Amino acid sequence: MNRSFRRNWAMAGLLALCATLPLQSGAATRSGKVSKEIMPTFSAGLIIKLSNDGSLDPDLVAKARQIANKYGISLSHLRKLARGGDVVALDRELPPELVRRLADEIAKLDARIDYVEPDVVMVPMSLSNDKHVSAQWNLTEFAGGINLPEAWAMSKGKDVVVAVVDSGVRPHIDLMANLLPGYDFVSNRATARDGDGRDPFAWDEGSWYSAGQCHSDQLGAKDSLWHGTHVAGIIGAVSNNSTGITGAAPKAKILPVRVVGRCGGYTSDIIDGMMWAAGLPVAGVPKNPHPAKVINLSLGSVTACSKAFQAAVTAVREAGAVVVAAAGNSDIDVARVSPAGCQGVVSVAASDREGKKAYYSNYGRRITVAAPGGDMQDVAENGILSLLNSGTKRPAGDAMAYMQGTSMAAPHVSAVVALMLSRNPNLSPDRVQQLLKGSARPIPSQDCQGGCGGGLVDAAAAVAAAAVAAP
Ligand SMILES: [Ca+2]
Ligand SMILES: [Ca+2]
(Lines give C-alpha, C1' and ligand atoms only; values in the text may rest on other atoms or scores of the structure.)
(Ligands and ions follow the chains in the order given, each with its own letter.)
Protein backbone atom coordinates (compact mmCIF):
# COMPACT_ATOMS: atom_id res chain seq x y z
CA MET A 1 0.00 0.00 0.00
CA ASN A 2 1.44 3.34 -0.89
CA ARG A 3 1.59 6.48 1.16
CA SER A 4 -1.39 8.29 -0.29
CA PHE A 5 -3.47 5.25 0.45
CA ARG A 6 -2.56 5.48 4.13
CA ARG A 7 -3.28 9.18 4.23
CA ASN A 8 -6.70 8.64 2.73
CA TRP A 9 -7.27 5.90 5.17
CA ALA A 10 -6.97 8.23 8.16
CA MET A 11 -9.86 10.25 6.77
CA ALA A 12 -11.96 7.16 6.34
CA GLY A 13 -11.55 6.59 10.05
CA LEU A 14 -13.86 9.55 10.60
CA LEU A 15 -16.69 7.34 9.52
CA ALA A 16 -17.44 5.55 12.72
CA LEU A 17 -18.80 2.05 12.70
CA CYS A 18 -22.46 2.29 12.16
CA ALA A 19 -25.29 0.19 10.95
CA THR A 20 -25.65 1.77 7.58
CA LEU A 21 -29.12 0.45 6.91
CA PRO A 22 -32.19 1.73 8.62
CA LEU A 23 -32.79 -0.98 11.16
CA GLN A 24 -36.16 -2.02 12.41
CA SER A 25 -34.87 -4.14 15.19
CA GLY A 26 -31.48 -3.69 16.74
CA ALA A 27 -28.59 -1.54 15.63
CA ALA A 28 -24.87 -1.84 16.25
CA THR A 29 -24.69 -3.62 19.57
CA ARG A 30 -20.97 -3.48 20.22
CA SER A 31 -17.89 -2.54 18.32
CA GLY A 32 -17.86 -4.50 15.10
CA LYS A 33 -21.19 -6.18 15.68
CA VAL A 34 -24.04 -5.26 13.47
CA SER A 35 -27.27 -7.14 13.75
CA LYS A 36 -29.19 -8.51 10.82
CA GLU A 37 -32.09 -6.31 9.94
CA ILE A 38 -35.57 -6.59 8.59
CA MET A 39 -36.06 -3.51 6.52
CA PRO A 40 -39.28 -1.58 6.84
CA THR A 41 -41.24 -0.93 3.69
CA PHE A 42 -42.73 2.53 3.87
CA SER A 43 -44.24 4.08 0.77
CA ALA A 44 -45.14 7.64 -0.13
CA GLY A 45 -46.81 6.83 -3.42
CA LEU A 46 -48.64 4.30 -5.53
CA ILE A 47 -48.00 2.86 -8.95
CA ILE A 48 -51.27 2.52 -10.86
CA LYS A 49 -51.22 0.53 -14.08
CA LEU A 50 -54.11 0.33 -16.53
CA SER A 51 -54.52 -2.86 -18.52
CA ASN A 52 -54.45 -1.00 -21.86
CA ASP A 53 -51.23 0.87 -20.86
CA GLY A 54 -53.23 4.08 -21.04
CA SER A 55 -52.65 7.11 -18.82
CA LEU A 56 -54.72 7.88 -15.76
CA ASP A 57 -57.51 10.30 -16.63
CA PRO A 58 -58.39 13.19 -14.30
CA ASP A 59 -61.65 11.51 -13.36
CA LEU A 60 -59.88 8.39 -12.11
CA VAL A 61 -57.32 10.48 -10.22
CA ALA A 62 -60.19 12.40 -8.57
CA LYS A 63 -61.83 9.17 -7.46
CA ALA A 64 -58.54 7.85 -6.09
CA ARG A 65 -58.09 11.14 -4.26
CA GLN A 66 -61.49 10.72 -2.61
CA ILE A 67 -60.49 7.33 -1.27
CA ALA A 68 -57.19 8.69 0.06
CA ASN A 69 -59.00 11.62 1.70
CA LYS A 70 -61.09 9.14 3.61
CA TYR A 71 -57.86 8.10 5.37
CA GLY A 72 -56.79 11.73 5.83
CA ILE A 73 -54.18 11.44 3.09
CA SER A 74 -53.86 13.76 0.11
CA LEU A 75 -52.96 12.25 -3.24
CA SER A 76 -51.67 13.86 -6.43
CA HIS A 77 -50.65 12.63 -9.87
CA LEU A 78 -46.87 12.74 -10.26
CA ARG A 79 -45.86 11.39 -13.67
CA LYS A 80 -46.06 8.54 -16.13
CA LEU A 81 -43.61 5.72 -15.47
CA ALA A 82 -41.12 4.67 -18.16
CA ARG A 83 -42.37 1.07 -18.12
CA GLY A 84 -46.17 1.42 -18.10
CA GLY A 85 -48.27 2.86 -15.30
CA ASP A 86 -48.48 6.17 -13.48
CA VAL A 87 -47.02 7.30 -10.19
CA VAL A 88 -49.28 9.12 -7.75
CA ALA A 89 -47.73 10.77 -4.71
CA LEU A 90 -49.11 10.66 -1.18
CA ASP A 91 -48.43 13.59 1.13
CA ARG A 92 -46.38 11.48 3.56
CA GLU A 93 -44.75 8.08 4.02
CA LEU A 94 -47.22 5.44 5.15
CA PRO A 95 -46.68 2.05 6.81
CA PRO A 96 -47.17 -1.06 4.65
CA GLU A 97 -50.59 -2.14 5.97
CA LEU A 98 -52.20 1.24 5.35
CA VAL A 99 -50.72 1.75 1.90
CA ARG A 100 -51.73 -1.78 0.92
CA ARG A 101 -55.33 -1.13 2.01
CA LEU A 102 -55.37 2.11 0.05
CA ALA A 103 -53.96 0.36 -3.03
CA ASP A 104 -56.54 -2.43 -2.83
CA GLU A 105 -59.43 0.03 -2.57
CA ILE A 106 -58.21 2.09 -5.51
CA ALA A 107 -57.72 -1.08 -7.59
CA LYS A 108 -61.44 -1.77 -7.28
CA LEU A 109 -62.39 1.67 -8.64
CA ASP A 110 -62.37 0.82 -12.30
CA ALA A 111 -62.30 -2.31 -14.45
CA ARG A 112 -59.52 -0.78 -16.59
CA ILE A 113 -57.07 -0.94 -13.66
CA ASP A 114 -54.60 -3.81 -14.04
CA TYR A 115 -52.91 -3.30 -10.67
CA VAL A 116 -52.16 -0.76 -7.94
CA GLU A 117 -48.96 -1.23 -5.97
CA PRO A 118 -47.14 0.71 -3.23
CA ASP A 119 -44.20 2.77 -4.49
CA VAL A 120 -41.95 1.12 -1.94
CA VAL A 121 -38.83 2.79 -0.57
CA MET A 122 -35.73 0.67 -1.21
CA VAL A 123 -32.54 1.12 0.76
CA PRO A 124 -28.86 0.30 0.24
CA MET A 125 -27.94 -3.25 1.21
CA SER A 126 -24.69 -2.53 3.02
CA LEU A 127 -24.28 -2.96 6.74
CA SER A 128 -21.28 -1.02 7.99
CA ASN A 129 -17.90 0.57 7.40
CA ASP A 130 -14.83 0.64 9.53
CA LYS A 131 -11.14 1.30 10.01
CA HIS A 132 -7.64 -0.04 9.18
CA VAL A 133 -6.22 -1.27 6.01
CA SER A 134 -5.22 -4.69 4.79
CA ALA A 135 -5.79 -6.14 1.34
CA GLN A 136 -8.40 -7.17 -1.14
CA TRP A 137 -8.77 -10.77 0.02
CA ASN A 138 -12.09 -10.79 -1.80
CA LEU A 139 -10.37 -10.78 -5.18
CA THR A 140 -7.48 -13.15 -4.66
CA GLU A 141 -7.51 -15.34 -1.54
CA PHE A 142 -7.95 -19.06 -2.01
CA ALA A 143 -10.73 -19.69 0.53
CA GLY A 144 -13.00 -16.70 0.11
CA GLY A 145 -11.71 -14.94 -3.02
CA ILE A 146 -13.16 -15.20 -6.50
CA ASN A 147 -10.13 -16.11 -8.57
CA LEU A 148 -9.73 -12.79 -10.36
CA PRO A 149 -6.06 -12.63 -11.35
CA GLU A 150 -6.54 -15.71 -13.54
CA ALA A 151 -9.67 -14.15 -15.06
CA TRP A 152 -7.84 -10.89 -15.82
CA ALA A 153 -5.44 -12.82 -18.04
CA MET A 154 -8.49 -13.43 -20.29
CA SER A 155 -10.53 -10.25 -19.79
CA LYS A 156 -10.57 -7.02 -17.81
CA GLY A 157 -14.05 -5.96 -18.91
CA LYS A 158 -12.90 -3.59 -21.65
CA ASP A 159 -15.66 -1.43 -23.14
CA VAL A 160 -18.50 -3.03 -21.17
CA VAL A 161 -20.78 -0.45 -19.51
CA VAL A 162 -21.92 -1.33 -15.98
CA ALA A 163 -24.68 0.85 -14.52
CA VAL A 164 -24.46 1.44 -10.79
CA VAL A 165 -28.07 2.25 -9.90
CA ASP A 166 -27.46 3.62 -6.44
CA SER A 167 -26.83 6.80 -4.44
CA GLY A 168 -24.69 8.39 -7.16
CA VAL A 169 -20.89 8.62 -6.96
CA ARG A 170 -18.17 11.01 -5.84
CA PRO A 171 -15.41 11.96 -8.31
CA HIS A 172 -12.85 9.80 -6.47
CA ILE A 173 -9.39 9.96 -8.01
CA ASP A 174 -9.31 6.15 -8.21
CA LEU A 175 -12.62 6.04 -10.14
CA MET A 176 -12.72 9.11 -12.41
CA ALA A 177 -10.95 7.56 -15.41
CA ASN A 178 -13.62 4.83 -15.61
CA LEU A 179 -16.68 7.03 -15.02
CA LEU A 180 -19.21 7.86 -17.73
CA PRO A 181 -21.62 10.79 -17.35
CA GLY A 182 -24.71 9.42 -15.66
CA TYR A 183 -28.06 10.83 -14.54
CA ASP A 184 -29.84 11.81 -11.34
CA PHE A 185 -33.31 10.18 -11.13
CA VAL A 186 -34.14 11.24 -7.56
CA SER A 187 -37.37 13.09 -8.23
CA ASN A 188 -38.09 14.25 -4.68
CA ARG A 189 -36.36 17.57 -4.03
CA ALA A 190 -36.45 17.20 -0.27
CA THR A 191 -34.43 13.99 -0.23
CA ALA A 192 -32.25 14.80 -3.26
CA ARG A 193 -30.16 17.48 -1.50
CA ASP A 194 -29.14 19.10 -4.78
CA GLY A 195 -32.04 21.54 -4.84
CA ASP A 196 -33.90 19.98 -7.76
CA GLY A 197 -35.46 16.80 -9.13
CA ARG A 198 -34.03 14.92 -12.08
CA ASP A 199 -30.89 16.31 -13.74
CA PRO A 200 -27.81 15.12 -15.65
CA PHE A 201 -25.49 15.02 -12.61
CA ALA A 202 -25.30 11.73 -10.75
CA TRP A 203 -23.15 13.05 -7.90
CA ASP A 204 -23.85 11.69 -4.45
CA GLU A 205 -24.87 14.68 -2.31
CA GLY A 206 -24.73 12.71 0.93
CA SER A 207 -27.38 10.47 2.47
CA TRP A 208 -27.01 11.66 6.11
CA TYR A 209 -30.11 12.33 8.17
CA SER A 210 -31.06 13.47 11.65
CA ALA A 211 -33.11 11.46 14.14
CA GLY A 212 -36.75 11.30 13.10
CA GLN A 213 -36.12 12.46 9.53
CA CYS A 214 -36.67 9.07 7.92
CA HIS A 215 -39.68 6.89 8.55
CA SER A 216 -37.48 3.87 8.01
CA ASP A 217 -35.34 4.88 11.00
CA GLN A 218 -37.33 7.06 13.38
CA LEU A 219 -34.83 7.05 16.22
CA GLY A 220 -31.46 6.99 14.59
CA ALA A 221 -29.34 9.63 12.92
CA LYS A 222 -26.88 8.53 10.26
CA ASP A 223 -23.81 9.96 8.59
CA SER A 224 -23.54 9.92 4.83
CA LEU A 225 -22.75 6.46 3.48
CA TRP A 226 -21.26 7.20 0.05
CA HIS A 227 -22.72 3.82 -0.83
CA GLY A 228 -22.66 4.23 -4.62
CA THR A 229 -18.98 5.18 -4.59
CA HIS A 230 -18.09 2.06 -2.59
CA VAL A 231 -20.12 -0.16 -4.94
CA ALA A 232 -18.68 1.50 -8.06
CA GLY A 233 -15.13 1.08 -6.71
CA ILE A 234 -15.59 -2.67 -6.23
CA ILE A 235 -16.51 -2.95 -9.92
CA GLY A 236 -14.39 -0.35 -11.62
CA ALA A 237 -11.68 1.30 -9.49
CA VAL A 238 -8.73 2.09 -11.74
CA SER A 239 -5.95 -0.50 -11.62
CA ASN A 240 -2.18 0.01 -11.78
CA ASN A 241 -2.37 3.73 -11.01
CA SER A 242 -0.39 3.50 -7.77
CA THR A 243 -3.35 4.58 -5.72
CA GLY A 244 -6.14 2.94 -3.76
CA ILE A 245 -7.47 -0.40 -4.91
CA THR A 246 -8.22 -2.21 -8.13
CA GLY A 247 -11.75 -2.83 -9.32
CA ALA A 248 -12.76 -6.38 -10.21
CA ALA A 249 -13.41 -5.25 -13.82
CA PRO A 250 -10.78 -2.52 -14.10
CA LYS A 251 -11.35 -1.81 -17.83
CA ALA A 252 -15.14 -1.61 -17.62
CA LYS A 253 -16.94 1.75 -17.68
CA ILE A 254 -19.15 2.80 -14.78
CA LEU A 255 -22.46 4.52 -15.56
CA PRO A 256 -23.68 6.17 -12.36
CA VAL A 257 -27.47 6.33 -12.08
CA ARG A 258 -28.62 8.14 -8.96
CA VAL A 259 -31.87 6.82 -7.44
CA VAL A 260 -31.17 6.93 -3.69
CA GLY A 261 -31.16 10.16 -1.67
CA ARG A 262 -31.75 10.72 2.01
CA CYS A 263 -33.90 7.86 3.48
CA GLY A 264 -33.58 5.53 0.46
CA GLY A 265 -35.06 5.58 -3.03
CA TYR A 266 -38.51 5.11 -4.50
CA THR A 267 -39.29 2.06 -6.62
CA SER A 268 -40.65 4.42 -9.31
CA ASP A 269 -37.33 6.29 -9.56
CA ILE A 270 -35.36 3.02 -9.54
CA ILE A 271 -37.52 1.65 -12.39
CA ASP A 272 -37.01 4.76 -14.51
CA GLY A 273 -33.28 4.73 -13.70
CA MET A 274 -32.97 1.08 -14.80
CA MET A 275 -34.86 1.69 -18.02
CA TRP A 276 -32.66 4.67 -18.85
CA ALA A 277 -29.50 2.72 -17.99
CA ALA A 278 -30.45 0.05 -20.53
CA GLY A 279 -30.94 2.68 -23.25
CA LEU A 280 -34.75 2.65 -23.16
CA PRO A 281 -36.80 5.86 -23.37
CA VAL A 282 -37.85 7.75 -20.23
CA ALA A 283 -40.13 10.78 -20.66
CA GLY A 284 -38.41 14.09 -19.94
CA VAL A 285 -34.91 12.59 -19.92
CA PRO A 286 -32.49 12.55 -22.89
CA LYS A 287 -31.63 9.06 -24.15
CA ASN A 288 -28.61 7.42 -22.55
CA PRO A 289 -25.79 7.44 -25.15
CA HIS A 290 -23.93 4.64 -23.30
CA PRO A 291 -26.46 1.80 -22.76
CA ALA A 292 -25.39 -0.55 -19.99
CA LYS A 293 -24.98 -4.31 -20.53
CA VAL A 294 -24.96 -4.87 -16.77
CA ILE A 295 -27.18 -3.15 -14.19
CA ASN A 296 -26.08 -3.39 -10.55
CA LEU A 297 -28.78 -2.98 -7.89
CA SER A 298 -27.21 -3.00 -4.40
CA LEU A 299 -30.50 -2.00 -2.85
CA GLY A 300 -33.88 -3.42 -2.02
CA SER A 301 -36.63 -3.93 0.48
CA VAL A 302 -38.39 -6.84 2.13
CA THR A 303 -41.35 -6.96 -0.23
CA ALA A 304 -42.07 -9.61 -2.82
CA CYS A 305 -41.24 -8.51 -6.38
CA SER A 306 -43.93 -6.08 -7.54
CA LYS A 307 -45.53 -6.35 -10.96
CA ALA A 308 -44.14 -2.92 -11.86
CA PHE A 309 -40.59 -3.93 -10.95
CA GLN A 310 -40.90 -7.29 -12.69
CA ALA A 311 -42.06 -5.55 -15.87
CA ALA A 312 -39.02 -3.25 -15.74
CA VAL A 313 -36.63 -6.18 -15.21
CA THR A 314 -38.17 -7.99 -18.17
CA ALA A 315 -37.90 -4.89 -20.37
CA VAL A 316 -34.23 -4.23 -19.65
CA ARG A 317 -33.37 -7.90 -20.14
CA GLU A 318 -35.11 -7.81 -23.52
CA ALA A 319 -32.92 -4.80 -24.28
CA GLY A 320 -29.92 -7.06 -23.57
CA ALA A 321 -28.95 -5.96 -20.06
CA VAL A 322 -28.09 -8.37 -17.26
CA VAL A 323 -29.67 -7.30 -13.94
CA VAL A 324 -27.63 -8.12 -10.83
CA ALA A 325 -29.18 -7.54 -7.39
CA ALA A 326 -28.09 -7.83 -3.77
CA ALA A 327 -30.01 -10.60 -1.98
CA GLY A 328 -30.39 -8.52 1.20
CA ASN A 329 -29.07 -8.69 4.74
CA SER A 330 -31.92 -10.11 6.80
CA ASP A 331 -30.93 -13.82 6.88
CA ILE A 332 -34.28 -14.74 5.28
CA ASP A 333 -35.37 -16.36 2.01
CA VAL A 334 -34.59 -14.06 -0.90
CA ALA A 335 -38.05 -14.80 -2.34
CA ARG A 336 -39.37 -12.26 0.18
CA VAL A 337 -37.08 -9.52 -1.15
CA SER A 338 -37.30 -7.14 -4.08
CA PRO A 339 -35.60 -6.76 -6.55
CA ALA A 340 -33.39 -9.80 -5.79
CA GLY A 341 -36.48 -12.05 -5.70
CA CYS A 342 -37.69 -10.97 -9.17
CA GLN A 343 -37.64 -13.42 -12.09
CA GLY A 344 -34.60 -13.14 -14.35
CA VAL A 345 -32.45 -11.25 -11.85
CA VAL A 346 -28.96 -12.50 -11.01
CA SER A 347 -29.49 -12.70 -7.26
CA VAL A 348 -26.32 -12.50 -5.17
CA ALA A 349 -25.84 -13.78 -1.62
CA ALA A 350 -22.86 -12.63 0.47
CA SER A 351 -19.99 -14.87 1.52
CA ASP A 352 -17.32 -14.33 4.17
CA ARG A 353 -13.54 -14.61 4.08
CA GLU A 354 -13.76 -18.39 4.50
CA GLY A 355 -16.09 -18.75 1.54
CA LYS A 356 -19.15 -19.52 3.67
CA LYS A 357 -22.44 -17.65 3.65
CA ALA A 358 -22.07 -14.42 5.65
CA TYR A 359 -24.18 -14.47 8.83
CA TYR A 360 -26.53 -11.72 7.62
CA SER A 361 -27.00 -12.79 4.01
CA ASN A 362 -30.34 -13.86 2.60
CA TYR A 363 -30.45 -17.26 0.89
CA GLY A 364 -32.80 -19.57 -0.98
CA ARG A 365 -33.69 -21.16 -4.29
CA ARG A 366 -33.75 -17.83 -6.08
CA ILE A 367 -30.04 -17.17 -5.35
CA THR A 368 -27.86 -17.41 -8.47
CA VAL A 369 -24.44 -17.29 -6.78
CA ALA A 370 -22.66 -15.96 -3.70
CA ALA A 371 -19.81 -13.45 -3.75
CA PRO A 372 -17.70 -11.75 -1.08
CA GLY A 373 -19.74 -9.43 1.11
CA GLY A 374 -17.50 -9.82 4.14
CA ASP A 375 -18.10 -10.24 7.85
CA MET A 376 -16.71 -7.51 10.09
CA GLN A 377 -17.79 -9.01 13.42
CA ASP A 378 -14.21 -9.85 14.41
CA VAL A 379 -12.10 -7.40 12.42
CA ALA A 380 -12.83 -4.71 9.86
CA GLU A 381 -10.31 -6.28 7.49
CA ASN A 382 -12.74 -9.15 6.90
CA GLY A 383 -15.04 -6.64 5.21
CA ILE A 384 -14.73 -5.39 1.64
CA LEU A 385 -12.32 -2.53 1.02
CA SER A 386 -13.38 0.08 -1.52
CA LEU A 387 -13.58 3.79 -2.27
CA LEU A 388 -15.42 6.31 -0.13
CA ASN A 389 -15.63 9.99 0.71
CA SER A 390 -14.43 11.36 4.05
CA GLY A 391 -17.39 13.72 4.60
CA THR A 392 -19.72 12.79 7.43
CA LYS A 393 -22.53 14.87 5.89
CA ARG A 394 -21.51 17.00 2.89
CA PRO A 395 -18.88 15.57 0.53
CA ALA A 396 -15.23 16.17 1.49
CA GLY A 397 -12.05 14.41 0.36
CA ASP A 398 -11.37 10.99 -1.15
CA ALA A 399 -11.20 8.12 1.30
CA MET A 400 -11.37 4.36 1.51
CA ALA A 401 -13.19 2.10 3.92
CA TYR A 402 -14.32 -1.41 4.65
CA MET A 403 -18.02 -2.16 4.39
CA GLN A 404 -19.97 -5.39 4.51
CA GLY A 405 -23.25 -6.55 3.09
CA THR A 406 -24.85 -8.10 0.04
CA SER A 407 -24.46 -4.57 -1.39
CA MET A 408 -20.76 -5.39 -1.63
CA ALA A 409 -21.36 -8.93 -2.96
CA ALA A 410 -23.51 -7.93 -5.96
CA PRO A 411 -20.88 -5.64 -7.57
CA HIS A 412 -18.35 -8.51 -7.57
CA VAL A 413 -20.78 -10.44 -9.77
CA SER A 414 -21.58 -7.40 -11.93
CA ALA A 415 -17.84 -7.11 -12.53
CA VAL A 416 -17.53 -10.79 -13.43
CA VAL A 417 -20.43 -10.40 -15.89
CA ALA A 418 -18.56 -7.46 -17.44
CA LEU A 419 -15.47 -9.66 -17.87
CA MET A 420 -17.63 -12.35 -19.48
CA LEU A 421 -19.39 -9.95 -21.87
CA SER A 422 -16.16 -8.26 -22.85
CA ARG A 423 -14.84 -11.65 -23.87
CA ASN A 424 -18.08 -12.72 -25.55
CA PRO A 425 -20.49 -9.81 -26.23
CA ASN A 426 -23.17 -12.05 -27.75
CA LEU A 427 -24.23 -13.81 -24.56
CA SER A 428 -27.89 -13.34 -23.65
CA PRO A 429 -28.89 -12.47 -20.07
CA ASP A 430 -30.25 -16.02 -19.67
CA ARG A 431 -26.99 -17.55 -20.84
CA VAL A 432 -24.93 -15.32 -18.52
CA GLN A 433 -27.01 -16.44 -15.57
CA GLN A 434 -26.59 -20.10 -16.54
CA LEU A 435 -22.83 -19.79 -16.99
CA LEU A 436 -22.36 -17.94 -13.69
CA LYS A 437 -24.23 -20.63 -11.82
CA GLY A 438 -22.61 -23.53 -13.65
CA SER A 439 -19.04 -22.31 -13.19
CA ALA A 440 -19.32 -21.34 -9.49
CA ARG A 441 -17.61 -23.32 -6.70
CA PRO A 442 -20.34 -25.11 -4.78
CA ILE A 443 -20.68 -24.12 -1.11
CA PRO A 444 -21.38 -27.18 1.09
CA SER A 445 -24.91 -27.03 2.46
CA GLN A 446 -23.72 -26.80 6.08
CA ASP A 447 -21.93 -23.57 5.10
CA CYS A 448 -25.00 -22.08 3.44
CA GLN A 449 -28.21 -23.32 4.95
CA GLY A 450 -31.15 -22.48 2.74
CA GLY A 451 -29.08 -22.38 -0.45
CA CYS A 452 -26.47 -20.19 -2.14
CA GLY A 453 -27.33 -21.10 -5.74
CA GLY A 454 -24.34 -22.36 -7.73
CA GLY A 455 -22.00 -21.39 -4.88
CA LEU A 456 -19.13 -18.91 -4.73
CA VAL A 457 -18.72 -17.14 -8.06
CA ASP A 458 -15.46 -18.08 -9.83
CA ALA A 459 -14.35 -15.29 -12.15
CA ALA A 460 -11.79 -17.33 -14.07
CA ALA A 461 -14.11 -20.29 -14.60
CA ALA A 462 -16.97 -17.98 -15.62
CA VAL A 463 -14.87 -16.11 -18.19
CA ALA A 464 -13.44 -19.35 -19.55
CA ALA A 465 -16.95 -20.75 -19.94
CA ALA A 466 -18.17 -17.51 -21.54
CA ALA A 467 -15.37 -17.53 -24.08
CA VAL A 468 -16.58 -20.75 -25.70
CA ALA A 469 -20.33 -20.49 -25.03
CA ALA A 470 -23.02 -20.10 -27.66
CA PRO A 471 -25.18 -16.96 -27.31
CA1 LIG B 1 -31.28 16.48 -8.80
CA1 LIG C 1 -6.31 2.00 -8.15
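1. Helices (H or I, at least four residues) and strands (E, at least two) are DSSP runs, numbered from the N terminus. This is a predicted model, in which local features need pLDDT of at least 70, side-chain atom pairs count only at pLDDT 80 or more, and totals for chains, interfaces and linings use all residues. Residues are numbered from 1 along each chain as its sequence is written, chains are lettered from A and ligands numbered from 1 in the order in which they are written, and side-chain values use heavy atoms, with hydrogens and water left out.

2. Backbone, cis bond. S338 and P339 are joined by a cis peptide bond, with omega about 5°. P339 sits in the loop between β14 (322–326) and β15 (346–351).

3. Backbone, positive phi. D331 lies in the loop between β14 and β15. Its phi is positive, about 55°, although D331 is not a glycine. D331 is partly exposed, at 25% relative accessible area. (Buried means under 20%, exposed over 50%, partly exposed in between, with a 1.4 Å probe and protein chains only.) W226 also has a positive phi, near 60°, and is a residue other than glycine. W226 is in the loop between α6 and α7 (227–236). Its relative accessible area is 0%, so W226 is buried.

4. Aromatic pairs. There are 4 in the structure. Rings of Phe, Tyr and Trp (its six-membered ring) pair if their centres lie within 6.5 Å; planes under 30 degrees apart count as stacked, over 60 as edge-to-face and the rest as tilted. Y183 and W276 make a tilted pair, 5.5 Å centre to centre with 45° between the planes. The pair links distant parts of the chain: Y183 is in strand β9 (residues 183–184) and W276 in helix α8 (residues 267–277), 93 residues apart. Y183 is buried at 8% relative accessibility, and W276 is buried at 3%.

5. What else does W276 pair with? The ring of F185 has its centre 5.7 Å from that of W276, with the planes at 55°, so this pair is tilted. F185 lies in the loop between β9 and α6 (189–192) and W276 in helix α8, so the pair ties together parts 91 residues apart in sequence. F185 and W276 are both buried. Y183, F185 and W276 form one aromatic cluster.

6. Charges at W208. A charge sits over a ring if NZ of Lys or CZ of Arg is within 6 Å of the ring centre and within 35 degrees of the ring normal. The charged end of R193 is over the ring of W208, 3.9 Å from its centre. The charged end of K393 is over the W208 ring too, 5.5 Å from its centre.

7. Calcium ion (ligand 2). Its donors are D174 (OD), D174 (OD), V238 (O), N241 (OD1), T243 (O) and I245 (O), at 2.2 to 2.7 Å. (Donors are N, O and S atoms within 2.8 Å of the metal, or 3.2 Å for Na, K and Ca; water is not among the atoms, so sites may look incomplete.) Along the chain the donor spacing is D-x63-V-x2-N-x1-T-x1-I. N241 is partly exposed at 27% relative accessibility, whereas I245 is buried at 6%.
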